[in-house]
Amino acid sequence: MFEIGDFIVYGNNGICEVKDITTISMKDAPKDRLYYLLSPLHRKESKIFTPVDNGKTVMRAVLTKEEADALIDDIPDIEELWVSNDKLREEKYKETMRSCECRNWIKIIKTLYLRKQERMAQGKKTTAMDDRYLRMAEDNLYSELAFALGIPRDEMNQYILKRMVTADIH
């Protein structure tokens with residue numbers, strides 16, 4: 001169970017702060033069921049109530065600084081997600097995004113970066129679907145890494161590249 005003041009990843013809402021743990025008085029809600037009151041980091045005016053025992057939506061602790069740096073160091077070893085069937089590809093991307101796991105977001109980013117290079121070499125544009133999932137995966141990953149590392153989100157790409165180059169030298 002998370003504590004008040006903890007920062008967690010809550011499904012596709014991204015990073016949220018646990019503002020309260022309480023019961024709610026609604027007609028059909030059990031009186032003794034505990035709920036988190038979450039405040040999304042990038043939408044402070046929003047409030048999310050979710051059961052503490054919610055098994056449907058992924059809730060996990062945000063990466064620590066050490067975990068974030070270790071994850072970046074592992075990027076070269078993380079496999080891509082090759083799905084040759086166009087119809088199955090989007091379903092695989094959706095499923096991978098719903099996992100809310102940073103390693104899975106990296107798989108999507110690596111896959112779509114390579115697909116983009118491949119398509120450009122053939123004189124083709126990237127697809128709208130590829131662009132959409134690349135943006136979502138990068139946004140989720142960079143937001144969490146930026147939070148964990150205390151680096152502005154718009155500097156994440158440079159930080160990752162710099163760290164990977166430094167790792168190659170050693």
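**Contacts and sheet**

Modeller: In the protein chain, residues 24 or more positions apart account for 54% of the contacts with a separation of 6 or more, contact meaning heavy atoms within 4.5 Å. This is a predicted model, in which local features need pLDDT of at least 70 and side-chain atom pairs count only at pLDDT 80 or more, while totals for chains, interfaces and linings use all residues. Residues are numbered from 1 along each chain as its sequence is written, and side-chain values use heavy atoms, with hydrogens and water left out.

Colleague: In what order do the five strands form the open sheet?

Modeller: Strands are DSSP runs of E with at least two residues, helices runs of H or I with at least four, both numbered from the N terminus, and two strands pair if DSSP finds at least two bridges between them. The pairing in this open sheet is antiparallel, and the order is E4-E3-E2-E1-E5.

Colleague: Why is one side of strand E4 and of strand E5 left without a neighbour in the sheet?

Modeller: Strand E4 (48-51) and strand E5 (59-61) stand at the edges, so one side of each lacks a neighbour in the sheet, because each has a single partner strand.  For E5, antiparallel pairing with strand E1 (residues 7-10) runs over three bridges, and there Ala-61 in E5 stands opposite Ile-8.

Colleague: At about what angle to E2 does helix H4 run?

Modeller: Axes are lines fitted to C-alpha atoms, for helices over the stretch in contact, and angles run from 0 to 180 degrees between N-to-C directions. Helix H4 (residues 128-149) lies across E1, E5 and strand E2 (15-22), and its angle to E2 is about 75°.
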